[in-house]
Amino acid sequence: MNAIQNISILLELAVAILGLLIWLQKKKSYGALIFLTFLLYMVYDGCRLWTLEVPEFLLRIIFSLASFSILIAVWKLYKTE
């Protein structure tokens, strides 16, 4: 099971890098939000996978911020022409 979680974190890293490229090279602000979202998901999943001593309330905040960030990014994508 850890192998699947490690692969998932690597996929999140790939999406974060693509978000960063969208932001820096394409100059699209939603790229920064995609980058932030998947960076936060990586932190969240890493804390869970490697059982780091992170309080549960902080993990919930991280997950909520990531979800809110991707909501804004998708909204910005929806509004683009």
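**Element order.** I read the elements from the N terminus on and get α-α-α. I count 3 helices and 0 strands in the protein. Helices (H or I, at least four residues) and strands (E, at least two) are DSSP runs, numbered from the N terminus.

**Model and numbering.** This is a predicted model, in which local features need pLDDT of at least 70 and side-chain atom pairs count only at pLDDT 80 or more, while totals for chains, interfaces and linings use all residues. Residues are numbered from 1 along each chain as its sequence is written, and side-chain values use heavy atoms, with hydrogens and water left out.

**Overall.** I boxed the C-alpha atoms along the principal axes and got roughly 40 × 25 × 20 Å. I then looked up burial: 28% of the 81 residues count as buried. Buried means under 20% relative accessible area, exposed over 50%, partly exposed in between (1.4 Å probe, protein chains only). The protein exposes about 5900 Å², and carbon and sulfur atoms supply 72% of that area. Accessible areas come from the Shrake-Rupley method with a 1.4 Å probe; for residues, only the protein chains shown count as cover. Next came contacts, meaning heavy atoms within 4.5 Å. Among those between residues at least 6 apart in sequence, 56% join residues at least 24 apart.

**H1.** Helix H1 covers residues 2-24, 23 residues in total. Its first and last C-alpha atoms lie 33 Å apart, close to the expected 33 Å at 1.5 Å a residue. The expected span is 1.5 Å times one less than the number of residues. I find Ile-9, Glu-12, Ala-16 and Gly-19 buried in H1. The buried residues of H1 pack against helix H2 (29-49). I keep one rule in mind: an α-helix has 3.6 residues a turn, so residues three or four places apart point the same way.

**Patch.** Leu-10, Leu-13, Ile-17, Leu-18 and Leu-21 make a nonpolar surface patch of about 440 Å². Patches take residues with over 30% relative accessible area and no salt bridge; like charges are joined within 9 Å, nonpolar side chains (Val, Leu, Ile, Met, Phe, Trp, Tyr) within 5 Å. A salt bridge is a side-chain nitrogen of Lys or Arg within 4 Å of a carboxyl oxygen of Asp or Glu. I checked Leu-21, which is found in H1. Leu-21 counts as partly exposed because its relative accessibility is 37%.

**H2.** H2 has 21 residues and reaches 31 Å from first C-alpha to last, close to the 30 Å expected. Just after H2, Thr-51 takes a positive phi of about 40 degrees. Within H2 I looked up Thr-37. Thr-37 has a relative accessible area of 0%, so I log it as buried. Beyond residues up to four places away in sequence, Thr-37 touches Ala-66, Ser-69 and Ile-70.

**Core.** The largest nonpolar core has 13 residues, and Ile-34, Phe-38 and Ala-73 have the most contacts inside it. H2 and helix H3 (56-79) each supply at least two residues of this core. The largest share, 8 residues, comes from H2. Such a core is a set of buried Ala, Val, Leu, Ile, Met, Phe, Trp, Tyr and Cys residues joined through side-chain atoms within 4.5 Å. Leaving aside neighbours within four places, Ala-73 is in contact with Tyr-30, Leu-33 and Ile-34.

Arg-60 is exposed because its relative accessible area is 55%.
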